Amino acid sequence: MRKKNIVIPKTAEELEGMRTSCKMLGELHARLRELVKPGISTGEIDACGEEWILAHGAKPNFKNYNGYPASICISVNDEVVHGIPKKDRILEEGDIVSLDCGLIYEGWHSDAARTWGVGKIHPNAERLIEDTRKSFFAGAAAAVAGGYLYDISNAVAASLKPGGYGIVRDLTGHGIGRHLHEEPVIPNYKMPPLQRGIRLEAGMTLCVEPMVTLETWRVYWEDDGWTVRTQDGAPAAHYENTIAVRADGLPEILTLMPGEESFTGSETQDP
Ligand code: MF3
Ligand code: CO
């Protein structure tokens with residue numbers, strides 16, 4: 001028997017609420033990007049971000065989520081996700097830093113992540129960041145009504161394969177809406193042929209968020225209970241947007257930064 005579809009698409013009105021929250025988050029990411037320079041601490045970035053969120057009449061949805069102690073997850077170099085910002089963690093030239101943040105506005109959650117280079121970075125790190133971004137768009141291009149959930153997973157994985165990257169398996173994307181984490185779970189790795197996941201429908205709001213490493217996909221949790229690091233110490237990148245499946249065509253990317261490049265047309269690959 002077919003598994004019941006427990007993901008409820010948003011109505012047009014609900015989507016409007018999601019759009020407003022997500023647009024605000026895109027603007028926050030643009031602001032945070034300006035702060036990323038050698039010499040700033042991750043604690044300062046978090047404090048500025050939290051202040052910005054509150055000043056815009058929203059609330060940070062990460063803060064106190066399962067006890068997470070900050071508003072923005074800031075992960076440097078081999079830290080993959082959920083790094084805890086600290087006043088004495090100073091960014092240096094050559095670091096790469098992943099900023100993952102979200103907010104709640106009028107009851108609607110948004111969630112997005114970007115990885116930035118601090119000053120000049122190693123070409124391999126540049127390549128990692130750019131290919132992680134591209135893998136998001138490859139995955140998002142598969143988020144079409146009538147398609148299947150794991151088409152997204154397989155498209156992300158296929159896009160990363162030529163680069164020989166590690167794809168983190170211990171964390172996934174997710175649905176979003178009135179809650180930060182809703183059904184479904186969205187893996188970033190290739191799924192077995194007979195597993196297709198739920199059927200995608202217009203109005204579903206999803207967070208697609210590849211977490212990619214230069215070497216091994218294996219990670220461990222630090223003793224702080226949050227920070228996820230690569231086992232081999234190689235750097236990792238993260239790129240995430242909240243998206244909405246449309247009735248026709250490519251999904252709407254709700255959390256783009258103002259002026260940020262979206263689909264280029266090269267995302268869908270011939271099998
Ligand atoms: N951004 C994370 C995600 O995509 C959520 C972080 S929750 C926190 O699922 F508690 F770590 F902040
Ligand atoms: Co997320």
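Student: Why is asparagine 66 called exposed?

Tutor: In this predicted model, asparagine 66 has a relative accessible area of 66%. Exposed means over 50%, so asparagine 66 is exposed. Asparagine 66 lies in the loop between S1 and S2, and its phi is positive, about 50°, although it is not a glycine.

Student: What makes asparagine 64 exposed?

Tutor: The relative accessible area of asparagine 64 is 59%, and the cut-off for exposed is over 50%; therefore asparagine 64 is classed as exposed. Its place is in the loop between strand S1 (59–60) and strand S2 (72–76). Asparagine 64 is not a glycine, yet has a positive phi of about 70°.

Student: Why does lysine 10 count as buried?

Tutor: Lysine 10 has 11% relative accessibility. Buried means under 20%, so lysine 10 counts as buried. This residue lies in the segment before helix H1 (12–35). Not counting residues up to four places away in sequence, lysine 10 touches several residues, including Trp108, Ile176, Glu182 and Thr205.

Student: What makes the pair of lysine 10 and threonine 205 a polar contact?

Tutor: Their side chains are joined at 2.9 Å. A polar contact requires a pair of N or O atoms within 3.5 Å, and the value of 2.9 Å for lysine 10 and threonine 205 meets that cut-off.

Student: How do you know that H4 is largely enclosed by the rest of the structure?

Tutor: Of the 12 residues of H4, 9 are buried, so the helix is largely enclosed by the rest of the structure. Among the buried residues are Leu149, Ile152, Val156 and Leu160. The buried residues of H4 pack against H3, strand S6 (166–167), strand S8 (182–186), S9 and strand S10 (211–213).

Student: Which residues of the largest nonpolar core touch the most other members?

Tutor: Phe136, Ile152, Leu206 and Ile243 do, in a core of 37 residues. Helix H3 (123–140), helix H4 (149–160) and strand S9 (205–208) are the elements that give two or more residues to this core. H4 supplies the largest share, 7 residues. Leaving aside neighbours within four places in sequence, isoleucine 243 is in contact with residues including Phe136, Leu206, Pro251 and Leu254. Apart from this core lies another, of 24 residues, among them Ile74, Val97, Tyr105 and Ala112.

Student: Why is proline 162 called exposed?

Tutor: Proline 162 has a relative accessible area of 75%. The cut-off for exposed is over 50%, so proline 162 is exposed. Its place is in the loop between H4 and S6.

Student: Which residues have a polar side-chain atom within 3.5 Å of a nitrogen or oxygen atom of ligand 1?

Tutor: Aspartate 100 has such an atom 2.7 Å from a nitrogen atom of ligand 1. For aspartate 111, the value is 2.9 Å to an oxygen atom of the ligand, and for histidine 174 it is 3.3 Å to an oxygen atom. The protein covers 96% of the 330 Å² of accessible area that ligand 1 has on its own. The shell around ligand 1 divides into 5 nonpolar, 3 polar and 4 charged residues, and Phe62, His82, Trp226 and Glu240 are among those that surround the ligand.

Methods
Residues are numbered from 1 along each chain as its sequence is written. Chains are lettered from A and ligands numbered from 1 in the order in which they are written. This is a predicted model: local features need pLDDT of at least 70, side-chain atom pairs count only at pLDDT 80 or more; totals for chains, interfaces and linings use all residues. Side-chain values use heavy atoms; hydrogens and water are left out. A nonpolar core is a set of buried Ala, Val, Leu, Ile, Met, Phe, Trp, Tyr and Cys residues joined through side-chain atoms within 4.5 Å. Buried means under 20% relative accessible area, exposed over 50%, partly exposed in between (1.4 Å probe, protein chains only). Helices (H or I, at least four residues) and strands (E, at least two) are DSSP runs, numbered from the N terminus. Contact means heavy atoms within 4.5 Å. A residue is near a molecule or strand if one of its heavy atoms lies within 4 Å of it. A polar contact is a pair of N or O atoms within 3.5 Å; within protein, one must be able to donate a hydrogen and the other to accept it, and residues adjacent in sequence count only if both atoms are side-chain atoms. Accessible areas come from the Shrake-Rupley method with a 1.4 Å probe; for residues, only the protein chains shown count as cover. Ala, Val, Leu, Ile, Met, Phe, Trp, Tyr, Cys and Pro count as nonpolar, Asp, Glu, Lys and Arg as charged, and the others, Gly among them, as polar.
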